[in-house]
Amino acid sequence: MRVADVSASGIIYSVHQERVSALLVSGDDRRAVRLGLTPDLVGAADELRAELTRTVDVAMGRVPLLREFMRGWGRTLLPPDILASPPDVLVIVPNALIHDLPLHLVLTDAGRPLGAECGIAYCSGMTLFASCTRRNPARSLDLTAWRFDEDGAQMLRRQLALRAGGVDVLAAKDDKFAALAADLAGYFDDERVTLVPDTDSGLPGQWPPQGQVHRSFFTSVFRGDGSDLRADVVCIVAHGDLDQERHQLSGLLLGAPHPGLIQMTEQFHLAGKRYRRTDMPLRIAPVVATAVPTEVLTAAELELTGSSDAELVCLLGCSAGSGRVLQADEPASMAESFLRLGTASVIAPMWDSHVSACGEWMRCFLRAWISDGKPKAIAARDATSLLMNDYGPERAGVLTLRGDWL
Amino acid sequence: MSEDGPHGDPWDRLDELTDSEVHALAEATLSVLREEAAGTTAADADIPPRLMREQLAAALTDEGLRADSAVVNQIASDGEVARKVSLAIVASIGRDTQFRQQIQEAYEARRAMMVVDGGLLIGAALLLLVTKLKRVQVEKGKFDVQFYQATDTLIDRLRRILGQG
């Protein structure tokens, strides 16, 4: 199949007082569709979100409201013809209470989750989607020559630079997060991979500390000053920390320099001017017994000093894609922040995630995307479809693609 | 995630558990009890903190404890007290082998999630649920006499933790 022949549709939601409506876009066709009644959805959506924040229930697969959503009221939020015959790719632009609803898990008429039958990418706004597509380096490839899913087809082989790191700050030894990051790095060409922790790299006293999964390593990756650490793909495996009250302070728990090490200043640009600040986290780490010194990489810090031209950022930390809707219908989450920094696509969990299921999903995704040359959304579909064979929807459907689908 | 933390059965080393492990064990206990009490008002989750404190004060007063706002704040906000309360409840409930096994399963599943614990309030929420369960009629009939006795013992322990015994 040629990428140019992929059937891609978009559904742009609009929530009104009485009813949810949507604009269904497919090629040159534009069609307004009337969907579920808003008053029927408000309470159910709130209860579903609450269920998905209960970590133990999610861990145990006790998610009755999610299952009810999938086979029941979630279906009222998708046009019948999409459920009857899903396109190859569907871009979902939510609005108001639709944000964060796992529409990719709604069952189609065939009884399978939508996200296992078609490639889905979420994007919180149309302009953001437009800028994601404009910035996506994959869009500059020859889409008529790019083929996949064909016997003997010439697969697209791309040389993508990866920066990856994993750290379980709670684990004193046998860090499974680091192992997962190293495992995922195996899908990329060795010479273009920077993997942390890497005890062989870096010099004593070097700033930012090289070879360690420190917050300052990743702020360097996302610093807009021509840092040589900038990458095509970034993958971070870490514990997530969700701040329910101040969402911009949600983040990922990463390593920190040992106490006493003097932290350097860094320069950044804001509104055309150059500023200098000490490279310190914007918030303190939660009070938990960690095995290593810990700092939080927050969305707020990235928005203040960061930029990204990465094609894909993978945030494998609990709830990194979960966020509260702010003014102007803007959801706040780590994943959203990365899209606004300039990343073309982001993969992040919608709720608390299980490390081994995340690892399996990512391996399947990278195999399809990197090795088989499929578009990202199609690769995500393959991963979700495969995991649905072995896991419940709370594990198979926790990771989603945001931004551009290609 | 931490299958990698200190190893072994948490029931064998309750006093040595880290605060994160205590939190995870309390969260697992809360989840198991809510599941068992599904369909009753006791299973209501996500009570706002202020309402939870009011309900907890009323429930503890019913149990004969002095439960003014200072005492409730102590349970909800003092890390050491919250830890002791959580452990006292977990140990009491864990005497039932069936509950113990269910809690262990939930605990292990919780520890494999890529998230850190969410604060101190879990001890207060767990205590409130337990005191509510004393009064509800659970259809599944799983809360037997042993559970009530365990809860009575728990109240005695709680009294000592709060310096009222």
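Colleague: Hi! Let's begin with chain A. How many helices and strands does chain A have?

Modeller: Hello! The model is predicted, and in it chain A comes to 13 helices and 17 strands.

Colleague: And what share of chain A is buried?

Modeller: Chain A has 406 residues, and buried ones make up 53% of them. As for contacts between residues at least 6 apart in sequence, 68% in chain A join residues at least 24 apart.

Colleague: Nice. Which domains does the assignment give for chain A?

Modeller: Domain 1 covers 1-154 + 370-406, and domain 2 covers 155-369. Where the two touch, domain 1 of chain A puts in 43 residues and domain 2 of chain A puts in 39 residues.

Colleague: Which elements are on the domain 1 side of that contact?

Modeller: The ones giving two or more residues are helices H2 (55-59), H6 (126-135), H11 (355-371) and H12 (376-388), plus strand S17 (399-403), in chain A. H12(A) gives the most, with 8 residues.

Colleague: How does that side of domain 1 divide by class?

Modeller: On the side of domain 1 of chain A that touches domain 2 of chain A, there are 23 nonpolar, 11 polar and 9 charged residues.

Colleague: Let's look at some helix packing. At what angle do H1(A) and H3(A) pack?

Modeller: Helix H1 (residues 38-52) and helix H3 (residues 64-71) of chain A pack at about 135 degrees, and their axes are 8 Å apart. H1(A) and H3(A) are therefore oblique to each other. Their crossing is left-handed.

Colleague: Which residues make the contact there?

Modeller: From H1(A) you have Glu47(A), Leu48(A), Glu51(A) and Leu52(A), and from H3(A) you have Leu65(A), Leu66(A) and Phe69(A). By class, the contact of H1(A) with H3(A) has 5 nonpolar and 2 charged residues, with no polar ones.

Colleague: Still in chain A, how many residues of H10(A) are buried?

Modeller: Helix H10 (residues 334-341) of chain A is mostly covered, with 8 of its 8 residues buried. Charged side chains are in that list too: Glu336(A) and Arg340(A) are buried, along with Met334(A), Ala335(A), Ser337(A), Phe338(A), Leu339(A) and Leu341(A).

Colleague: What comes just after H10(A)?

Modeller: Gly342(A) does, and it takes a positive phi of about 125 degrees.

Colleague: Over to chain B, then. What pattern does chain B follow along the sequence?

Modeller: Chain B reads α-α-α-α-α-α-α, with 7 helices and 0 strands. Of its 165 residues, 42% count as buried. For contacts between residues at least 6 apart in sequence, 81% in chain B join residues at least 24 apart.

Colleague: How do H1(B) and H4(B) pack?

Modeller: H1(B) and helix H4 (residues 79-93) of chain B pack at an angle of about 50 degrees, with axes 10 Å apart. H1(B) and H4(B) are therefore oblique to each other, and H1(B) passes H4(B) in a left-handed crossing.

Colleague: Which residues meet between H1(B) and H4(B)?

Modeller: H1(B) brings Asp19(B), Val22(B), Leu25(B), Ala26(B) and Thr29(B), which meet Arg83(B), Ser86(B), Leu87(B), Ile89(B), Val90(B) and Ile93(B) in H4(B). That contact divides into 7 nonpolar, 2 polar and 2 charged residues.

Colleague: I'm also curious about a loop residue. Where does Ala67(B) lie?

Modeller: Ala67(B) is in the loop between helix H2 (49-62) and helix H3 (69-77) of chain B.

Colleague: Is Ala67(B) buried or exposed?

Modeller: Buried, because 20 other C-beta atoms lie within 10 Å of Ala67(B), and the cut-off for buried is 20 or more.

Colleague: What does Ala67(B) touch?

Modeller: Leaving out residues up to four places away in sequence, Ala67(B) touches Ala57(B), Leu60(B), Thr61(B) and Val72(B).

Key
Residues numbered from 1 in each chain as written. Chains lettered and ligands numbered in written order. Predicted model: local features only at pLDDT ≥ 70, side-chain atom pairs only at ≥ 80, totals over all residues. Axes fitted to C-alpha atoms, helices over the stretch in contact; angles between N-to-C directions. Helix = DSSP H or I, 4+ residues; strand = E, 2+ residues; numbered from the N terminus. Parallel < 35°, antiparallel > 145°, perpendicular 65-115°, else oblique. Left-handed = near helix turned anticlockwise from the far one by under 90°. Contact = placed C-beta atoms within 7 Å. Buried ≥ 20, exposed ≤ 12 C-beta atoms within 10 Å, placed from the backbone. Domains from an automatic or database assignment.
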